[in-house]
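Please keep the sequence and the structure in view while reading the numbered points.

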Amino acid sequence: MGELKQQRHLITAQERLRDQVANALRAALIAGELRPGSVYSAPGLATDFGVSATPVREAMLDLAREGLVEPVRNKGFRITEVSERDLDQYAEIRALIEVPVVGRVTRTATREQLEALRPDAEQIVAAAREHDLIGYLEADRRFHLTLLGLAGNERLVETVGDLRKRSRLYGLTRLDERNELLPSAEEHIELLDLMLTGDVAAAEACMARHLGHVRSLWAQARDEPVEPSRPTARKLGVR
């Protein structure tokens, strides 16, 4: 039993390290330190993180399942490139789904259900003010997917969740430094307040404007030149 318990502890520790590396890699993608189209090897990244190649390779496979990277035989993993056409199509699909769903939820959700979204809406704003990009995106994901979940269609939530991953943001650090994320963050509270008033048309218009704002922010981050950089354990907090 003692040996089995030790093996379980080892597996748990390995999974925790894999998750930590995966989160660090996501942070590097958001910050623009891992560039679209570039190929990174697991041993090279492992050296940066100060860990073995195994948890890095496992973390990269997790990101591959999310569509963030793709394996390159005998070389490593290429950061998936997203074209402007891809982004426009993702944005169009999200608008076709999320705008009318916001209208439906405005009509059908209870006040208690909508107020339950407020902590995440406020956390998005707080994270933007505190320059916490990971916290910003995580709270944003929770807010949007929980809101859509009030429509009662799980497949719809899964579809939008997948679109969000595929249209992830690069270079947010620069926008954050100029406080250009804050207006987008505050739109979540504006949207929630409009939904609470029962104004369907205004809520739908706010969601459409918000999605357009997000697309515009992505374009700004994408167009700015980025100095070559490799993610490091110091930068990303991997121990």
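**Notes on the predicted model**

1. In this predicted model, residue N153 caps the N-terminal end of helix α8, with one of its side-chain oxygens placed 3.1 Å from the backbone nitrogen of R155.

2. Helix α8 itself runs over residues 154-166. Its 13 residues reach 19 Å from the first C-alpha to the last, which is close to the 18 Å expected at 1.5 Å a residue.

3. Which residues of α8 are buried? They are L156, V157, V160, G161, L163 and R164. Because these residues cover an arc of only 160° around the axis, they fall on the same side of α8. The general rule is that an α-helix has 3.6 residues a turn, so residues three or four places apart point the same way.

4. What covers the buried residues of α8? The cover includes α4 (84-108) and α7 (133-149).

5. Helix α7 has 17 residues and spans 24 Å from its first C-alpha to its last, close to the expected 24 Å at 1.5 Å a residue. Its buried residues are L133, G135, Y136, A139, D140, F143, H144, L145, L147 and L148.

6. Is R94 buried or exposed? Its relative accessibility is 9%, and buried means under 20%, so R94 counts as buried. Leaving aside residues up to four places away in sequence, R94 touches V99, H144, V160, L163, R164 and L211.

7. The strands form an open sheet of three, in the order β1-β3-β2, with antiparallel pairing. Strands β1 (39-40) and β2 (69-72) stand at the edges, each with a single partner strand, so one side of each is left without a neighbour in the sheet. Between β1 and β3 (residues 76-79), the antiparallel pairing extends over two bridges. In β3, F77 is the residue that stands opposite Y40.

8. Finally, the protein as a whole may be described. Its secondary structure comes to twelve helices and three strands. The protein has 239 residues, of which 44% count as buried. Of the contacts between residues at least 6 apart in sequence, 75% join residues at least 24 apart. The protein exposes about 12,500 Å², and carbon and sulfur atoms supply 51% of that area.

Key:
Residues are numbered from 1 along each chain as its sequence is written. This is a predicted model: local features need pLDDT of at least 70, side-chain atom pairs count only at pLDDT 80 or more; totals for chains, interfaces and linings use all residues. Side-chain values use heavy atoms; hydrogens and water are left out. Helices (H or I, at least four residues) and strands (E, at least two) are DSSP runs, numbered from the N terminus. Buried means under 20% relative accessible area, exposed over 50%, partly exposed in between (1.4 Å probe, protein chains only). Contact means heavy atoms within 4.5 Å. Accessible areas come from the Shrake-Rupley method with a 1.4 Å probe; for residues, only the protein chains shown count as cover. The expected span of a helix is 1.5 Å times one less than its number of residues. The arc is that of the directions from the helix axis to the C-beta atoms. A polar contact is a pair of N or O atoms within 3.5 Å; within protein, one must be able to donate a hydrogen and the other to accept it, and residues adjacent in sequence count only if both atoms are side-chain atoms. Two strands pair if DSSP finds at least two bridges between them.
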